[in-house]
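Work through the exercises below with the sequence and the coordinates open side by side.

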Amino acid sequence: MSMEKHSMELLALVRDGEATPKQISELNTLLRGDASLLKMAREQNKMHSLLSVVLEDELSSERRIHGIMAEVKDADADRFVEGVEHRLMWRRWRMRAMAVAAVLMIALIPAIYLSQKVAKPSTMATLLRADGVTWTESVIGIGTALEAGASVKIDQGMLEIDLDGRGRLILEGPAHLDFPEEGRATLTQGRVVMRATEKGHGYMIETPQGNIIDIGTEFGVTVGSDGLVETHVIDGSIEAIPKGGKSVTLVRNDAMKMGPGGGESITADPGQFYTEMPPQHGKAPRYIRWSFDEGEGKIVGSEGELASSISNKADMVLQSMGKGALPSWIPGPSPAAGTALSFDGEGSYAESAYRGIGGGKPRTVCFWVKVPDDFSATQGYGIVSWGKHDPHRPGEVWQLSANPEEKDGPIGRLRLGLMGGQIIGSTDLRDGKWHHIGVVMYGGSQPNVGTHVILYVDGELEKIPRRALQEVRTEIDEAEHGVWLGRNSSFRETGQKHPLGKFFRGGLDELYIFDAALSQSEVQSLMRKHQAAR
């Protein structure tokens, strides 16, 4: 007998009041476990909606029996009929009660079924933070719970996602991440770093070329535009399972590339991943600003709390060396910006007694820059720099440039170098136009240029094709100078040979240095104050 037929027979018995408690229980179990049977039962029950009419007819019949029996005077007949009537009434009321119970059961089972078998999807993850995000499709609000089947797609920016107590993900765009079910996520594009809790051990990141399972603490996964996958272990261990290959256990500083041919070991480069989101500052950050609005003379005035915190004046003094001339005054990015400075790449520069932000403290540097389209690679170093340059002590200098070294990345892109490590953006600045620059370093116990620095060009988060690890430990107490503009931090003497260039060529305006990590919206707010006419 088919399950469907058996269920319908049980339903008929229950409806007619003939089912035993065991049969009622069996029907209940069957309907709970099969949505199609439940639907059919509901339709059958609907077809028997005349049940109440039938019951009413039976009760009317019983009343008619009462009327007839009232006319019978014979005592024996009365006793006989009373016995029959009692049994009849009991059976009728039992049938009615059982039928009503069946109706109630059918009505209640959908709610029971939905709560137990088709329960509301549980939370897979929760979106905690977003920075610099452009959404590919629908915007997901902060605090949104992501349920089974949820999809996250961004064109750029960074997201922090909590995995319902299993750990946290930092997702970097462009990216596409799905949450098909509890305990796993599918990365189709982009970069993600997972820091797992003990509860999260065993969490799986699926990719087009294989799967990565956490069995330790922290790891990164990237799915490139070419479809190739890399996974790098930052701390702890993982299990990497290439498609068509064997499972491999990777530990700290191990890495694997996975493609159509399987997996292969590669040199670990955890610096390609952001492992933290920029911290949120609770109060207004302090700053120093040089507006370059004087339009003439050799002194650029300073303002802000950081400017007034030093005993010596923090004003910029315009200077020159060798064949160079003093920096010249030019129009700024827009009429509202007033004037700006132009550096000739031959020997013009400026210096302030302000020594910059030291150690690994958080900071933000914002300014407008114009790099000529006939820019030479020897004219890129030293847009803004401070700290101590010592080849034997990497990480102690902080220098922003238009990248002049092809071995480190594309020429003319925004570069932050520490003498030992660097991060390089993707926007070519060599177009003779003004661009707004934002460089954010969010500090920590051991901040790294590869994992703790964000670059913005024209208010948008830069894609970082090249970066290298180097702890940020800017030395300002032993430095021989304060903030330099237009001069390579490694250049000291007039006759010193320097094949990569001694001075920057281009324009500079509206320089800010903050003692905190600004958000993208704050960087954009500064940009809008003097929006370039482009």
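The exercises that follow concern a predicted model, and they treat its aromatic rings, its strands and its pockets in turn.

**Exercise 1. Aromatic pairs**

Determine how Tyr 287 and Phe 514 are arranged as an aromatic pair, and find which strands the two residues belong to.

Solution. Begin with the overall count, which comes to 8 aromatic pairs. Among them is the pair of Tyr 287 and Phe 514, whose ring centres are 5.7 Å apart and whose planes make an angle of 40 degrees, an arrangement classed as tilted. The class follows because planes under 30 degrees apart count as stacked and those over 60 as edge-to-face, while the rest are tilted. Finally, compare the accessibilities with the cut-off for buried, which is under 20%. Tyr 287, at 24% relative accessibility, is partly exposed, whereas Phe 514, at 7%, is buried.

**Exercise 2. A ring cluster and charges over rings**

Identify the residues that ring pairs link into a cluster, and find the ring over which the charged end of Arg 487 sits.

Solution. The cluster consists of Tyr 349, Trp 484, Phe 491 and Phe 503, which are linked by ring pairs. One of these residues, Tyr 349, also has the charged end of Arg 487 over its ring, at 4.9 Å from the ring centre. A further arginine, Arg 363, lies over the face of Trp 398, and here the distance from the ring centre is 4.5 Å.

**Exercise 3. Parallel or antiparallel?**

Decide in which sense strand 6 pairs with strand 5, and in which sense with strand 7.

Solution. Take strand 5 to start with: it runs parallel to strand 6 (residues 204–207), to which 3 bridges join it, and Arg 184 has Met 204 in strand 6 as its bridge partner. Then turn to strand 7 (residues 210–214), which pairs with strand 6 in the antiparallel sense over 4 bridges. Thr 207 stands opposite Gly 210 in strand 7, and a hairpin of 2 residues connects strand 6 to strand 7.

**Exercise 4. Two pockets**

Describe the lining of the largest pocket and then that of the second largest pocket.

Solution. The largest pocket has a volume of about 510 Å³. Its lining comprises 21 residues, and those nearest its centre are Arg 191, Thr 222, Val 223, Gly 224 and Ser 225. Two or more lining residues come from each of strand 3 (150–162), strand 4 (167–181), strand 5 (184–196) and strand 8 (218–223). By class, the lining of the largest pocket holds 6 nonpolar, 8 polar and 7 charged residues.

The second largest pocket has a volume of about 290 Å³. It is lined by 13 residues, with Ile 234, Arg 252, Pro 270, Thr 275 and Thr 451 closest to its centre, and this lining divides into 3 nonpolar, 6 polar and 4 charged residues.

Note on methods
Residues numbered from 1 in each chain as written. Predicted model: local features only at pLDDT ≥ 70, side-chain atom pairs only at ≥ 80, totals over all residues. Heavy atoms only, no water. Phe/Tyr/Trp six-rings, centres within 6.5 Å; stacked < 30°, edge-to-face > 60°. Buried < 20%, exposed > 50% of the residue type's maximum accessible area, 1.4 Å probe, protein only. Lys NZ or Arg CZ within 6 Å of the ring centre and 35° of its normal. 1 Å grid on protein atoms, 1.4 Å probe; cavity = no way out; pocket = protein on both sides within 12 Å on 5 of 7 lines; lining within 4 Å. Points joined across faces, edges and corners; volume = space filled by probe spheres on them. Nonpolar A, V, L, I, M, F, W, Y, C, P; charged D, E, K, R; others polar. Pairing = 2+ DSSP bridges.
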